[in-house]
Amino acid sequence: MLEKALQYTTSDGAREGTLILTLDGPFTLGNMFQLQAELRTLHPACLIMDLTSVPYMDSAGLGVIMNYFVAAQGAGRKFLLAGVNDRIRSLLEMTKVDSLLRMYDSVEAAQAQA
């Protein structure tokens, strides 16, 4: 059976310069390439990646997140994660990147810190 496609949308955040990227579906090697290409073109002052509708993520999805994080840090931009579920949080903790990434329970909480 084929894996569900990863869908995503962008919307403006509450503050100028903030962009919300909402993902829907599993974030894995099988479906990450389009999003990875899209992320290379996004350079807002603050990007909030909403993972509320992402049931799981593999190491390839984590690689996409970390690549964007490093690029944002190097350019002085903010990168925040919102809606991280327990399964994804476990992956972030196991790989020890949870101490690097700023995570919030909701998009609203992330926007308050943007």
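Trainee: Let's start with the strands. Which residue in strand 4 is the bridge partner of L47?
Mentor: In this predicted model, L47 has F79 of strand 4 as its bridge partner.

Trainee: How many bridges join strand 3 to strand 4, and do they run parallel or antiparallel?
Mentor: There are five bridges, and the two strands run parallel. Between them the chain passes through helix 2, making a right-handed β-α-β crossover.

Trainee: OK, and which residue in strand 5 does A82 stand opposite?
Mentor: That would be Y104. Strand 4 pairs with strand 5, residues 102-104, in the parallel sense over three bridges. Here the chain crosses by way of helix 3, and this β-α-β crossover is right-handed.

Trainee: Why is strand 4 largely enclosed by the rest of the structure?
Mentor: Because four of its five residues are buried.

Trainee: Switching to the core: which residues touch the most other members of the largest nonpolar core?
Mentor: L23, F27, F79, L81 and L92, out of 32 residues in that core. Strand 2 (18-24) and helix 1 (33-39) are among the elements that each supply at least two residues. Helix 2 gives the most, with eight residues.

Trainee: What does L81 touch, leaving out residues up to four places away in sequence?
Mentor: L81 touches M49, L51, I65, L92, L101, R102, M103 and Y104.

Trainee: And which residues does the second, separate core include?
Mentor: That core has nine residues, including I48, A82, Y104 and A114.

Terms used
Residues numbered from 1 in each chain as written. Predicted model: local features only at pLDDT ≥ 70, side-chain atom pairs only at ≥ 80, totals over all residues. Heavy atoms only, no water. Core = buried A, V, L, I, M, F, W, Y, C linked by side-chain atoms within 4.5 Å. Buried < 20%, exposed > 50% of the residue type's maximum accessible area, 1.4 Å probe, protein only. Contact = heavy atoms within 4.5 Å. Pairing = 2+ DSSP bridges. Right-handed = clockwise from strand over helix to strand, strands pointing away.
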